[in-house]
Amino acid sequence: MRFCGTNFGLLVTAIFAATGSAWAAESPPFFFSDTAAKAAAAAAAAAPAPTAAPGPASTTTNATANSVDADAPTGDAAPPTVDVNSKPKSEIAPAKAVKPATPTSEDKAKAPAPIAAKKLFGAVKAPASIKARAIGAYSRGCLAGATALPIDGPAWQAMRLSRNRNWGHPKLVALLEKYASEVKQKDRWPGLLVGDISQPRGGPMLTGHASHQLGLDADIWFTPMPSRRLSNSERENLAATSMLASDNLSVNKKVWGEGQINIVRRAASYPEVERVLVHPAIKKALCEAGGTDRKWLSKVRPYWGHFYHFHVRIGCPADSPTCTKQAPIPGDDGCGKELDDWFKLLTAPPPKPKPKPQVAQPAKPVKPKPPLSLADLPAECSTVLASDGRIETASPPPAAVKPAKATTKPRKPAEHKATADAQ
Ligand SMILES: [Zn+2]
């Protein structure tokens, strides 16, 4: 929903951030619900071995079809039967072996869709207590051995607690704690309000965020932390403040200032941090305030949304050999052509509606893209999902992981999901 054109995207993001969105009431954290456990275990058993799956799974080239339900058409076939009452026993011919019918495209269409991975990961309330590692890509992966950022710290408070998304890779959680204390001590910032990090086992989420799947991404509010401890209800309902002026192309000087510049600069200063995502208007304000030291600005990447909070992303930790590295950022400060291109996009007139055809034609049904299933994620994620807390001693062998292609040009929102800067 954040990819639907500037104005609409901004509006929806504004509503989303202001209201905390429509979160389904979740059971209390720190347990793994029985139903979810069964679903996860079933899915985990079926998903990681496509070569072992008979029938449709081996005939399709679509990875998403290699799923928990791939066996359904053949599994449901009735066994051959013989009417023993119609003829004497001696005349009963042995029943012919009945070949299971090859599933037709109609059968395939009828087959239930695989369980969305976001349902499985969204149902898990506790981390997989196995060796910490980030697995897969930022927008297609999961997290083992997560630790929780305590909801209160000397210089931070976690927000929207009902989401249970204050989990991260231990490296990120440690960095956030250090970052919070440094902005308080060195930048005279009252403290951080920390938004979403990841779910207990990472993975796709039921709402919001394409990334945040590896425990390596964290959202930090631009709003300074109040001096008092917020109640749980305030943490759910407190509205964040937009940093944008009414033109949506510049910052609102009434709320944007030196403090916000300092905390973004400090986040970008850590070697572990590879990217800090902010709205293009905020990037512009940072470019203007950047001074002579421009190096930190190269990590600050313009992106849709990100005017209530900024997004801090660390690189793949050394303990995570199957974490997919992102493309390196372009070397310059990003304040020139790249930013100009973003502003062209932000100010572009909305696309004209297509002229209606003269003769009324039946509308083609548009199949929505299926959500990620467990089979779309690295096989290790099935282990993470099904883990019952056994202590693991060895890491799996590292897979060859290619970094994604570098992207420097802004693209239309819908195409942005897969780029290195995707939120
Ligand atoms: Zn984010």
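Colleague: How many helices and strands are in the protein?
Modeller: The protein has 12 helices and 11 strands. Keep in mind that this is a predicted model.

Colleague: How much of the protein is buried?
Modeller: Buried residues are 38% of the 423 residues. To be called buried, a residue needs 20 or more other C-beta atoms within 10 Å of its own.

Colleague: Which residues touch the most other members of the largest nonpolar core?
Modeller: Leu176, Val194, Val264 and Val276 do, in a core of 75 residues. Helix H7, residues 170–186, gives the largest share of this core, with 7 residues.

Colleague: What is Val264 in contact with, leaving aside its neighbours within four places in sequence?
Modeller: Val276, Val278, Leu286, Val300 and Phe310. Each pair counts as a contact because the C-beta atoms lie within 7 Å.

Colleague: Why is the reach of helix H9 called close to the expected one?
Modeller: H9 covers residues 258–269, which is 12 residues. The expected span is 1.5 Å times one less than that number.

Colleague: Which residues of H9 are buried, and what do they pack against?
Modeller: Gln260, Ile263, Val264, Arg265, Ala267 and Ala268 are buried. The buried residues of H9 pack against H7, strand S9 (273–278), helix H10 (280–289), strand S10 (300–302) and strand S11 (309–314).

Colleague: What makes H10 mostly covered?
Modeller: In H10, 7 of the 10 residues are buried. They are Pro280, Ala281, Ile282, Lys283, Lys284, Ala285 and Leu286. Their cover includes H9, S9, S10 and helix H11 (337–347). Just after H10, Gly291 takes a positive phi of about 75°.

Colleague: How do H10 and H11 pack?
Modeller: Their angle is about 145°, and their axes are 10 Å apart. The crossing of H10 past H11 is left-handed.

Colleague: Which residues meet there?
Modeller: From H10, Pro280, Lys283, Lys284 and Cys287. From H11, Leu339, Trp342, Phe343 and Leu346.

Colleague: How many residues of this contact are nonpolar, polar and charged?
Modeller: The contact of H10 with H11 has 6 nonpolar, no polar and 2 charged residues. Lys counts as charged, so Lys283 and Lys284 fall in that class.

Colleague: What share of the contacts with a separation of 6 or more comes from residues 24 or more positions apart?
Modeller: Such residues account for 77% of those contacts in the protein.

Notes. Residues numbered from 1 in each chain as written. Predicted model: local features only at pLDDT ≥ 70, side-chain atom pairs only at ≥ 80, totals over all residues. Core = buried A, V, L, I, M, F, W, Y, C linked by C-beta atoms within 7 Å. Buried ≥ 20, exposed ≤ 12 C-beta atoms within 10 Å, placed from the backbone. Helix = DSSP H or I, 4+ residues; strand = E, 2+ residues; numbered from the N terminus. Contact = placed C-beta atoms within 7 Å. Axes fitted to C-alpha atoms, helices over the stretch in contact; angles between N-to-C directions. Left-handed = near helix turned anticlockwise from the far one by under 90°.
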